[in-house]
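Please view the sequence and the structure before reading the points below.

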Amino acid sequence: MLAQRKIAYDESQKNYKQMKTKKLVKVEQAKNVNVNNALRSRCIILFVIVIALAGFFILRSGVAASNAYYLNQLKNQSTVLEAENSRLHLEIAHLKSPERIQSIATQELGMIVPDKFFFSTKN
């Protein structure tokens, strides 16, 4: 009888130790899950920040490219306007030339150039 009690006691001790180790394993697993959840949330926050920064830089480079395109258009327009301005200055110089004015006056208006010039002054 004493031997049977000893065997029963040993078995109950074994079961107790197994239950205790199972509880410890479960507690450690729960701690690991909590640690993993905290790590996971930090990684998600970091990922969102990285995505936001990447989006910001992509948007910024898009705006810079758009501004560069607009600046290039303005430079081309400026070149065209400067060429037209030069052409208009030449046309104005041609229209103001005394030879042209004299030829229009003599041919179209019937005016003649006098042979002698007389100037009078008040004395």
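The points below cover a surface patch, an aromatic pair and a salt bridge.

The model is predicted: local features need pLDDT of at least 70, side-chain atom pairs count only at pLDDT 80 or more, and totals for chains, interfaces and linings use all residues. Residues are numbered from 1 along each chain as its sequence is written, and side-chain values use heavy atoms, with hydrogens and water left out.

**Surface patch**
- Ile45, Ile49, Leu53, Phe56 and Phe57 make a nonpolar surface patch of about 510 Å².
- Such a patch joins nonpolar side chains (Val, Leu, Ile, Met, Phe, Trp, Tyr) within 5 Å, from residues with over 30% relative accessible area and no salt bridge.
- Ile45 belongs to helix α1, residues 2-96; a helix is a DSSP run (H or I) of at least four residues.
- Ile45 counts as exposed because its relative accessibility is 51%; exposed means over 50%, buried under 20%, and partly exposed in between (1.4 Å probe, protein chains only).

**Aromatic pair**
- One aromatic pair is found in a search of the whole structure.
- The ring centres of Phe56 and Phe57 are 5.5 Å apart and the planes stand at 65°, so the pair is edge-to-face; pairing requires centres within 6.5 Å, and edge-to-face requires planes over 60 degrees apart.
- Phe56 is partly exposed at 47% relative accessibility, and Phe57 is partly exposed at 48%.

**Salt bridge**
- The count comes to one salt bridge, defined as a side-chain nitrogen of Lys or Arg within 4 Å of a carboxyl oxygen of Asp or Glu.
- Glu91 and Arg87 form this bridge, with their closest N and O atoms 3.4 Å apart.
- Both Glu91 and Arg87 lie in helix α1, four residues apart, about one turn of the helix.

Methods: Patch = residues over 30% accessible without salt bridge, like charges linked within 9 Å, V, L, I, M, F, W, Y side chains within 5 Å. Areas by Shrake-Rupley, 256 points an atom, 1.4 Å probe, with all protein chains shown as cover. Helix = DSSP H or I, 4+ residues; strand = E, 2+ residues; numbered from the N terminus. Phe/Tyr/Trp six-rings, centres within 6.5 Å; stacked < 30°, edge-to-face > 60°.
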